[in-house]
Amino acid sequence: MSASIDVLNPDRPKRVLLVASNPAVSPVTGWPVGFWWAELVHPWWAFTERGYEVTIASPDGGALTADSWSDPRDESGYSAHDLLSLGFISSPEHAALVQDTPALADVDLDAHDAIMLVGGQAPMVTFVDDERVHTALSAFHDSGRAAAAICHATCVLLKARSATGELLVAGRTWTGFANSEEDFADEYVGQRIQPFRIEDEGRALPGTNMIVASRFKSHAIRDGNLITGQQQYSGAAAAQLVIEALGV
């Protein structure tokens, strides 16, 4: 743990579980897809600076791969501005945290105070129907602990249900990757990228309030213990809402 100056209870630091996707292949583009660096690193930084202990896990465990566009070193230059992620990647100690992740089944969920699902392109393939991810998020939600998801990881909220059988987003206000952002990404690469759109699917759900802000604006929402962030620029804001929910 870092020598944080903002730790109220050093003998019992809060523990946050970050869940990132294992590598996958997009069924739409055929490209390799993974997690998004900023959506892992920026929350990790916010939590560790607060003195929290952070576990980075994945459904299957093992080495993770990030979306190439999220790498500040990528020749596209798409994320060249992300110096925080560049520092994380460039540090062997930190880069190792995604090179051998524990499997979700091997993580003691009860030992953690909050969970955050990390976005990227892969969750649209790997998280959306993965009961392991749904069950983990629901376990935190149902026990009153902070349950968070960022960007395309919010696709889980289209299907994840509580122990009562209700959708986690029933009666809640939440956000996720916006149509305007999908439009930008599709235009950027010259083709459709995602198999479905979270904003369209979320707005079609009865009894919930799915809202988005303008394109690529930092936007995070806390409704009770459910916390959501719109896209890669919302990770730190969502993490701050988790910190507020934990109260220390």
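Me: Is C151 buried or exposed?
Reply: C151 counts as buried, because its relative accessibility is 2%. Buried means under 20% relative accessible area, exposed means over 50%, and partly exposed lies in between, with a 1.4 Å probe and protein chains only.

Me: What sort of model is this?
Reply: This is a predicted model, in which local features need pLDDT of at least 70 and side-chain atom pairs count only at pLDDT 80 or more, while totals for chains, interfaces and linings use all residues. Residues are numbered from 1 along each chain as its sequence is written, and side-chain values use heavy atoms, with hydrogens and water left out.

Me: Back to C151, then. Where does it lie, and what is its phi?
Reply: C151 lies in the loop between β6 and β7 (173-174). Its phi is positive, about 55°, although C151 is not a glycine. Most residues other than glycine have a negative phi.

Me: Which other residue has a positive phi of about 55°?
Reply: F216 has one, and F216 is not a glycine either. F216 is located in the loop between β8 (209-210) and β9 (220-223). With 18% relative accessibility, F216 counts as buried.

Me: What about β6 itself: why is it called largely enclosed?
Reply: Strand β6 (residues 146-150) has five of its five residues buried, so the rest of the structure largely encloses it. On one side A146, A148 and I150 are buried, and on the other A147 and A149 are, which leaves both faces covered. Strands here are DSSP runs of E with at least two residues, helices are runs of H or I with at least four residues, and both are numbered from the N terminus.

Me: Which strands pair with β6?
Reply: Strand β5 (residues 114-117) runs parallel to β6, and four bridges join them. Strand β10 (residues 226-229) is also joined to β6 by four bridges, again in parallel. Two strands pair if DSSP finds at least two bridges between them. As for individual positions, M116 stands opposite A148, and A149 has T228 in β10 as its bridge partner.

Me: How many helices and strands are there in the protein chain?
Reply: The protein chain has eight helices and 10 strands.

Me: And the overall dimensions, what are they?
Reply: The C-alpha trace spans about 50 × 45 × 30 Å along its principal axes. Of the 248 residues, 55% count as buried.

Me: Switching to I211: what does it touch?
Reply: Leaving aside residues up to four places away in sequence, I211 touches T173, W174, T175, G176, R203, H219 and I221. Contact means heavy atoms within 4.5 Å. I211 sits in the loop between β8 and β9 and is partly exposed, with a relative accessible area of 30%.

Me: And D186, where is it found and what does it touch?
Reply: D186 is found in helix α6 (residues 179-189). At 14% relative accessibility, D186 counts as buried. D186 touches Q191, R192, I193 and R197, not counting residues up to four places away in sequence. The C-alpha atoms of D186 and I115 are separated by 30 Å, and the two residues are 71 residues apart along the chain.
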